[in-house]
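Welcome to this guided tour. Open your viewer, get ready to select residues by number, and follow along one stop at a time.

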Amino acid sequence: MTASLGKMKFFLVLLFIVLAANFLAAQGLRPGANGDTTPTGHVPDAAVGTLMAAPPNNGTVVQGNGINYHGGPVLNASPVPIYIIWYGNWTNGPKPSDSQATVNLLEGFLGSNSLGGSSYEAINTTYGDNTSNVSGHLNFTAHVFDNYSAGKKFGDRTLTSIVASHVGHDLPSDATGVYLVLTSSDVNETSGFCRTYCGFHTHATINGADIKYAFIGNVDKCQSGCEIQSTGPNSPAPGVGGADGMSNVITHETEEAITDPDLNAWFDASGNEDADKCNFKFGPTQTASNGAKFNQTFGGHNWMIQMEWENSRGGGCDQTLGGPFFTN
Ligand SMILES: [Zn+2]
């Protein structure tokens, strides 16, 4: 009796995950209202919410700056909690950046006294929904380490089940936050990591909650495709730029997960979300003592992170809210 109940529970959970994953993988892109296409979150067949006509503007939604509002919610918690699933080997993985030093650096990067309160993240406050604007605050809240529970090679459906195995178990279930799955350099996300994307974000219903999550691999796996420079401002040694490179992708995906969490809020007529519109555009840089370029300083470190599209003053990529726009 106990065994068969347990078995049934297992199959119900499995069925649920399969159903959720089917929705994630099978529903293709389709043209939306106003001729817009839906954003991909960098996954060609990611889940797409039903596009709604934009509701009446209650004063919090500003349009006409090169990016459009499609009626869906944004994440407007202050701060937005960030949860990390460190997947693979983050103690002594195959590349020198698969390390505890990377864990420490990136969790500090995502702190409320670092990226989470910066004049850079404040650019995100130019986005909102009919409830309120994005706060511009985020904060690393909790992490788990996942020792290859799904092996070293998996696709999008398995990624969803990895997230589901932690949310509501050893991480809180929180529809107001963003979950990052950060993989060591020996892990391959087969839908296109290092081939067609450096990271992506999407969402899925997990145990009744709309969970927003992103995949970001250690970009030392493909320095030429996903790193702006092989030695970053925080590199512990020449060529060990994975942590700095990941900070750039994390920036991109968290901005988008906050302004377009269900893939039905903010994107332009080409389906580009706010960070896509400034992808790998950094603006003016300075040079650190180790020769690496950087364009931001906060939280006691220099960083090389892409600009974000500011939804005001006509729209453009900038390094700080209200700062000058740059095209590269
Ligand atoms: Zn993007």
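Before the first stop, one term: a residue counts as buried when its relative accessible area is under 20%, and as exposed when that area is over 50%. Keep in mind, too, that you are looking at a predicted model.

**The whole chain**

Start with everything shown as a cartoon. The protein chain has five helices and 15 strands. Of its 328 residues, 55% count as buried. The chain exposes about 12,900 Å², and carbon and sulfur atoms supply 56% of that area. Now think about who touches whom: among contacts between residues at least 6 apart in sequence, 71% join residues at least 24 apart.

**Stop 1: Tyr87 and Tyr148**

Let us turn to aromatic rings. A pair of such rings is described by the distance of the centres and the angle of the planes. In this model there are 14 aromatic pairs. Select Tyr87 and Tyr148: this pair is edge-to-face, with 6.2 Å from centre to centre and 85° between the planes. Tyr87 belongs to strand β2 (residues 80-87), while Tyr148 is in the loop between β3 (138-146) and β4 (153-154), so the pair ties together parts that are 61 residues apart in sequence. Are these two residues buried or exposed? Both Tyr87 and Tyr148 are buried.

Lys152 lies over the face of the Tyr148 ring, 5.3 Å from the ring centre.

**Stop 2: Tyr127 and Trp266**

Next, select Tyr127 and Trp266. Their rings also form an edge-to-face pair, at 5.3 Å centre to centre with 85° between the planes. Where do the two partners sit in the chain? Tyr127 is in the loop between α2 (100-109) and β3, and Trp266 is in strand β9 (residues 266-267), which puts them 139 residues apart. Tyr127 and Trp266 are both buried.

**Stop 3: a cluster and a charge**

Select Phe193, Tyr197, Phe200 and Phe215 together, and you have one aromatic cluster on screen. Then go to Lys277 and Trp309: the charged end of Lys277 sits over the Trp309 ring, 4.2 Å from its centre.

**Stop 4: Thr183**

Finish at Thr183, in strand β5 (residues 178-183). Thr183 has a relative accessible area of 0%, so it counts as buried.

Terms used
Residues are numbered from 1 along each chain as its sequence is written. This is a predicted model: local features need pLDDT of at least 70, side-chain atom pairs count only at pLDDT 80 or more; totals for chains, interfaces and linings use all residues. Side-chain values use heavy atoms; hydrogens and water are left out. Rings of Phe, Tyr and Trp (its six-membered ring) pair if their centres lie within 6.5 Å; planes under 30 degrees apart count as stacked, over 60 as edge-to-face and the rest as tilted. Helices (H or I, at least four residues) and strands (E, at least two) are DSSP runs, numbered from the N terminus. Buried means under 20% relative accessible area, exposed over 50%, partly exposed in between (1.4 Å probe, protein chains only). A charge sits over a ring if NZ of Lys or CZ of Arg is within 6 Å of the ring centre and within 35 degrees of the ring normal. Contact means heavy atoms within 4.5 Å. Accessible areas come from the Shrake-Rupley method with a 1.4 Å probe; for residues, only the protein chains shown count as cover.
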